[in-house]
Amino acid sequence: MRKLELMKRVSCLVCLLMIMGHTYAQHKITGRVINESNQTPLEIANVVLSTADSVYITGTTTDLKGHFEIKNVATGSYLLTTSYLGFNSRTIVLDGLAGSIDLGEIMMREESNQLETVTVTGSTVTNKADRLIVFVTEQQKKDFQQWDQYPLLHATSSFNG
């Protein structure tokens with residue numbers, strides 16, 4: 001009778017430990033981030049794991065071949081977001097993650113923002129609180145060399161640079 005009772009207790013303890021071990025099991029998420037247009041790997045792309053309500057859990061970057069690995073992920077539901085400069089971000093829903101998973105190739109599409117016109121303007125005059133700085137162009141130096149009434153500007157034409 002005593003042996004039977006001892007076996008029941010040991011069995012219950014083993015079951016309890018197995019349930020706790022499964023609850024706190026640590027999994028890993030792997031994958032590869034690829035450029036959709038030319039099938040090349042995206043190196044040093046950001047990979048972020050967050051909860052379903054977007055709370056940051058952990059993150060990593062891809063290696064030179066586009067591979068990533070996130071270790072020690074507990075059982076649960078997550079969002080995995082990949083991002084790379086010049087590409088649209090991609091979010092994958094991992095609902096009820098209960099084991100390690102390989103996401104395979106994650107295709108990233110290039111972001112296409114085209115500007116119609118870019119205008120760059122500059123000034124040869126910089127106005128500071130205590131001084132006015134004028135950067136004289138070569139053409140202005142040539143024009144002012146013939147004007148003797150501007151001795152300061154005439155003197156700047158003799159500077160090299």
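Mentor: Start with a term: a nonpolar core is a set of buried Ala, Val, Leu, Ile, Met, Phe, Trp, Tyr and Cys residues joined through side-chain atoms within 4.5 Å. Keep in mind that this is a predicted model.

Trainee: OK. How many residues are in the largest nonpolar core, and which have the most contacts inside it?

Mentor: The largest core has 17 residues. Those with the most contacts inside it are Ile 29, Leu 49, Phe 68, Ile 70 and Leu 80.

Trainee: Which strands supply at least two residues of this core each?

Mentor: Strands E1 (26-35), E2, E4 (67-74), E5, E6 and E7 (101-108) each do.

Trainee: Let me pick Leu 49. What is it in contact with, leaving aside neighbours within four places in sequence?

Mentor: Its contacts include Ile 29, Ile 70 and Leu 80, which are also listed among the core residues with the most contacts. Leu 49 is also in contact with Val 55, Tyr 56, Ile 57, Thr 58, Val 73, Tyr 78, Leu 79 and Leu 94.

Trainee: On to the sheet. In what order do the 4 strands of the open sheet come?

Mentor: The order is E3-E2-E5-E6, with antiparallel pairing. E3 (56-61) and E6 (90-97) each have a single partner strand, so one side of each has no neighbour in the sheet. From one strand to the next, the twist averages 20 degrees.

Trainee: How many bridges pair E2 with E5?

Mentor: There are 6 bridges, between E2 (residues 46-51) and E5 (residues 76-83). Val 48, for example, has Thr 81 in E5 as its bridge partner.

Trainee: And how many bridges join E2 to E3?

Mentor: 5 bridges, again antiparallel. Ser 50 stands opposite Tyr 56 in E3. The hairpin of E2 and E3 has 4 residues between the strands, and Ser 54 in that hairpin takes a positive phi near 70 degrees.

Trainee: Where do side chains point in a regular strand?

Mentor: They alternate between the two faces of the sheet.

Trainee: Changing topic: how many aromatic pairs does a search of the whole structure find?

Mentor: It finds 1. The pair is Tyr 84 and Phe 87, with ring centres 5.5 Å apart and planes at 65 degrees, so it counts as edge-to-face.

Trainee: Is Phe 87 buried or exposed?

Mentor: Phe 87 is buried, with a relative accessible area of 11%. Tyr 84 is partly exposed at 27%.

Trainee: What does Arg 109 touch, not counting residues up to four places away in sequence?

Mentor: Arg 109 touches Glu 36, Phe 87 and Asn 88. The C-alpha atoms of Arg 109 and Phe 87 are separated by 5.7 Å, although the two residues are 22 residues apart along the chain. Arg 109 is in the loop between E7 and E8 (125-127).

Trainee: Buried or exposed, that Arg 109?

Mentor: Arg 109 counts as exposed, at 52% relative accessibility. The cut-off for exposed is over 50%.

Trainee: Last one. Where does Thr 62 lie?

Mentor: In the loop between E3 and E4. Thr 62 is buried, with a relative accessible area of 3%.

Trainee: Which backbone atoms does the side chain of Thr 62 reach?

Mentor: The side chain of Thr 62 reaches the backbone oxygen of Leu 42 at 2.7 Å and the backbone nitrogen of Ile 44 at 2.9 Å. Not counting residues up to four places away in sequence, Thr 62 touches several others, including Val 33, Val 47, His 67 and Phe 68.

Note on methods:
Residues numbered from 1 in each chain as written. Predicted model: local features only at pLDDT ≥ 70, side-chain atom pairs only at ≥ 80, totals over all residues. Heavy atoms only, no water. Pairing = 2+ DSSP bridges. Axes fitted to C-alpha atoms, helices over the stretch in contact; angles between N-to-C directions. Buried < 20%, exposed > 50% of the residue type's maximum accessible area, 1.4 Å probe, protein only. Contact = heavy atoms within 4.5 Å. Phe/Tyr/Trp six-rings, centres within 6.5 Å; stacked < 30°, edge-to-face > 60°. Polar contact = N/O pair within 3.5 Å; in protein donor to acceptor, adjacent residues only side chain to side chain.
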